[in-house]
Amino acid sequence: WQNNVKLTQAQNASLILERLEERRSGSTTYDMQDRQTNSVGGVYRFDLGRHHVQFNARNDHSSQYGDETTGGAAYGFDLTPTLRAGVAGNTGFKTPTFQDLYYPGFSNPDLKPERSRNIEASLRYTDDTTRLGVVAYHNRIKDLIVNTGVSSLPLDNVERATIRGVTLSGEHDFGATTVRASVDLQRPINDKTDLQLPNRARQIWRLGADHRLGAWRLGGELYVSGKRYGTGSAATRPRLGGYTLVNALASYDINKNIQAQLRWNNIFDRQYTLVRGYETMGSNVFVNLSWRM
């Protein structure tokens, strides 16, 4: 449940309540057969001229892990009517899923929740046809959950990890056609071993475009990932090559409320590996019908 309140012309607030119920089934008995998470959160935003401030806080009460409170703050300043600079800091908390904990043959019931602290600085440009952005970030994570690629212990926690990098993004409208691109340059490191975190690339490129033609919207996407590494020491960890995926998408507005959507992923049936020893999906098509009020 989310309730948005406009306090004044310059102030907005949101209150969020959420309940998550999880249950497991199967022939194996564990100490934890089900769990519930009750959450309450709030967001406050204040805009005064060229200044933009946001505060957010959230408390999650898990029947398995107890209480955890997270939050953050962000500040933006309009350097010009089209250019905004910003800084932000947030904390995060993520529990292992029931699948992470109990899925037969691919789980670890001793996994710990992840806790993280993130800071970032950004610069964004926006006008009627162009959106540009650069975001530099530094994310420190305790007990990061990773896929080890080892059958005896497929999932485990990395005691300390740091992911820092920069994301560049741009989007421009050429009449009815929109072109967008982004590149993420990051350094995901296990702080204890100083090795690149498993199955994470240092470079990711995205390119996309779509064109509006009456009730139709037609588009395509290009996704390029750099090389990655599996688990192991610097001498033994396997190298996972980079890969490129091409996707196509189309949508049709049946009326103002109903839209038919078609998405064709990996149209060239590219064979690639996300985790060594596990197959990925080949070319696949999704058809969706959405209804909006």
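Guide: Buried means under 20% relative accessible area, exposed over 50%, and partly exposed in between, with a 1.4 Å probe and protein chains only. This is a predicted model, in which local features need pLDDT of at least 70, side-chain atom pairs count only at pLDDT 80 or more, and totals for chains, interfaces and linings use all residues. Residues are numbered from 1 along each chain as its sequence is written, and side-chain values use heavy atoms, with hydrogens and water left out.

Visitor: Why is N190 called buried?

Guide: N190 has 15% relative accessibility. The cut-off for buried is under 20%. So N190 counts as buried.

Visitor: Where is N190 found, and what is N190 in contact with, leaving aside its neighbours within four places in sequence?

Guide: N190 is found in strand β10. Strands are DSSP runs of E, at least two residues; helices are runs of H or I, at least four; numbering starts from the N terminus. Contact means heavy atoms within 4.5 Å. With neighbours within four places set aside, N190 is in contact with V158, R160, L195 and L197.

Visitor: What makes I189 buried?

Guide: I189 also lies in strand β10. Its relative accessible area is 4%. The limit is 20%, so I189 is buried. Beyond four places in sequence, I189 touches R160, A161, T162, D194, L195, Q196, L197 and R202.

Visitor: How do you know whether K192 is buried or exposed?

Guide: K192 has 70% relative accessibility. K192 is found in the loop between β10 (177–190) and β11 (195–196). K192 touches E159 and R160, not counting residues up to four places away in sequence. K192 and R160 are 32 residues apart in sequence, yet 6.8 Å apart in space, C-alpha to C-alpha.

Visitor: What makes up the largest nonpolar core?

Guide: A nonpolar core is a set of buried Ala, Val, Leu, Ile, Met, Phe, Trp, Tyr and Cys residues joined through side-chain atoms within 4.5 Å. The largest has 8 residues: Y137, I141, L144, V146, V158, A161, I163 and L197. Strands β8 (130–147) and β9 (155–174) are the elements that give two or more residues to this core. The largest share, 4 residues, comes from β8. Another core, of 7 residues, lies apart from it, with M32, F98, I145 and L155 among them. In soluble globular proteins, nonpolar side chains tend to be buried together.

Visitor: What does V158 touch, not counting residues up to four places away in sequence?

Guide: V158 touches K142, D143, L144, V146, N190 and L197.

Visitor: How many aromatic pairs does a search of the whole structure find?

Guide: The search finds 4 aromatic pairs. Rings of Phe, Tyr and Trp (its six-membered ring) pair if their centres lie within 6.5 Å; planes under 30 degrees apart count as stacked, over 60 as edge-to-face, and the rest as tilted.

Visitor: Why is the pair of W216 and Y252 called tilted?

Guide: The ring centres of W216 and Y252 are 4.9 Å apart, and the planes are at 50 degrees, so the pair is tilted. W216 lies in strand β13 (residues 216–225) and Y252 in strand β16 (residues 243–253), so the pair ties together parts that are 36 residues apart in sequence.

Visitor: How do you know that W216 and Y252 count as partly exposed?

Guide: W216 has 42% relative accessibility. Y252 has 34%. Both values fall between 20% and 50%, so W216 and Y252 count as partly exposed.

Visitor: Which residues do ring pairs link into a cluster?

Guide: Ring pairs link Y223, Y243 and Y272.

Visitor: What makes R237 lie over the face of Y229?

Guide: A charge sits over a ring if NZ of Lys or CZ of Arg is within 6 Å of the ring centre and within 35 degrees of the ring normal. R237 lies over the face of Y229, at 3.9 Å from the ring centre.

Visitor: Why is N266 called buried?

Guide: N266 has a relative accessible area of 3%, under the 20% limit, so N266 is buried. Its place is in the loop between β17 (258–265) and β18 (284–291). N266 touches L245, V246, N247, Y272, M281, G282 and S283, not counting residues up to four places away in sequence.
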